[in-house]
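Okay, thanks everyone, let me get the screen up.

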Amino acid sequence: AVAIVNSDISRALSAYLERYPDEAALLSEPGRLLSEGGDFASRRNFPMHVTAGALLVRGGAEILLVEHLAYGIMLQPGGHLELADATLIGAAVRELAEETGVDPGKVFPALQAPVYIEYGRVPARPEKDEPDHYHLDFGYSFVTADADVGGIQESEVRGAGWYPLAVAERLVGRRIARAVSASPRIG
């Protein structure tokens with residue numbers, strides 16, 4: 001089993017809703033599912049499981065995005081939880097390093113709480129034996145002064161690069177502004 005348990009997920013969701021109470025209605029369904037029990041850290045849990053994402057702000061001026069292979073769109077690095085993940089924020093850092101080759105030693109959390117949580121439908125993927133389901137994606141903001149892209153995870157992403165904040169917000173949405181507002185300038 002994954003080290004992250006439902007109580008960890010529920011605590012992160014509660015902390016987020018304390019900060020962003022206007023999103024309670026948007027997140028009521030995943031809250032209900034969590035209350036019913038199940039192993040939401042497992043990618044084999046349907047109809048919903050948890051994923052973690054990383055918004056890395058460099059120099060207060062740009063965000064690292066990846067071109068997601070399966071979805072064909074630009075997104076923040078992120079993905080499913082794994083057995084070795086002890087925390088949601090740790091899973092986000094692992095995914096960031098795996099997908100972009102960024103040195104995790106050059107990445108620092110802007111906050112310990114998520115800056116976005118999104119509940120979104122994922123189409124069936126018969127090749128992975130996955131029915132239609134939902135991801136509850138916990139996104140964390142990180143800062144760096146000088147991290148750069150290394151070897152990308154070609155099985156997951158087509159490319160990775162730094163985008164000016166305004167461009168990244170047009171591509172990815174309002175979570176960019178939250179990551180920036182949470183991120184102190186370093187470097």
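So, let's start with the largest pocket. Six elements each put at least two residues into its lining: β1 (48-58), β2 (62-68), β4 (78-80), α3 (88-100), β6 (116-122) and β7 (133-144). Before I go further, please keep in mind that this is a predicted model.

Which of those elements gives the most to the lining of the largest pocket? That's β6, with six residues. The whole lining comes to 36 residues, and if you want to find the centre on your screen, look for Thr51, His68, Tyr71, Gly79 and His135, which lie nearest to it. The volume is about 710 Å³. As for what kind of residues we're looking at, the lining splits into 13 nonpolar, eleven polar and twelve charged.

Now the second largest pocket, which holds about 180 Å³ of space. Thirteen is the number to remember here: 13 residues line it, and Asp8, Ala12, Leu88, Gln112 and Tyr140 are the closest to its centre. By class, the lining of the second largest pocket has nine nonpolar residues, two polar and two charged. You'll notice α3 turning up again; α3 is also on the list for the largest pocket.

Okay, stepping back to the fold. The protein chain has five helices and eight strands. Going along the sequence, the order is α-α-β-β-β-β-α-β-β-β-β-α-α. In terms of dimensions, the C-alpha atoms fill a box of roughly 45 × 40 × 30 Å along the principal axes. And how does the radius of gyration sit against a compact globule? For 187 residues you'd expect a value near 16 Å, and the protein chain has 16 Å, so the two agree.

Let's go to the last two helices in that pattern, α4 (residues 165-172) and α5 (residues 175-182). Their axes come within 8 Å and cross at roughly 140°. By class that's six nonpolar residues, two charged and no polar ones.

Glycine 159 sits in strand β8 (residues 157-164). Setting aside its neighbours within four places in sequence, glycine 159 touches Leu65, Val66, Glu67 and Ile152. If you compare glycine 159 with arginine 11, the two are 148 residues apart in sequence and 33 Å apart in space, C-alpha to C-alpha.

Next, the backbone. Where's the cis peptide bond? It joins phenylalanine 46 and proline 47, with omega at about 25°. Proline 47 is in the loop between α2 (28-36) and β1.

And then aspartate 129, which has a positive phi, near 55°, in a residue other than glycine. Aspartate 129 is in a loop as well, the one between β6 and β7. Both of those strands are on the list for the lining of the largest pocket, which brings us back to where we started.

Methods: Residues numbered from 1 in each chain as written. Predicted model: local features only at pLDDT ≥ 70, side-chain atom pairs only at ≥ 80, totals over all residues. Heavy atoms only, no water. Axes fitted to C-alpha atoms, helices over the stretch in contact; angles between N-to-C directions. Helix = DSSP H or I, 4+ residues; strand = E, 2+ residues; numbered from the N terminus. Nonpolar A, V, L, I, M, F, W, Y, C, P; charged D, E, K, R; others polar. 1 Å grid on protein atoms, 1.4 Å probe; cavity = no way out; pocket = protein on both sides within 12 Å on 5 of 7 lines; lining within 4 Å. Points joined across faces, edges and corners; volume = space filled by probe spheres on them. Rg over C-alpha atoms; globule rule 2.2 N^0.38 Å. Contact = heavy atoms within 4.5 Å.
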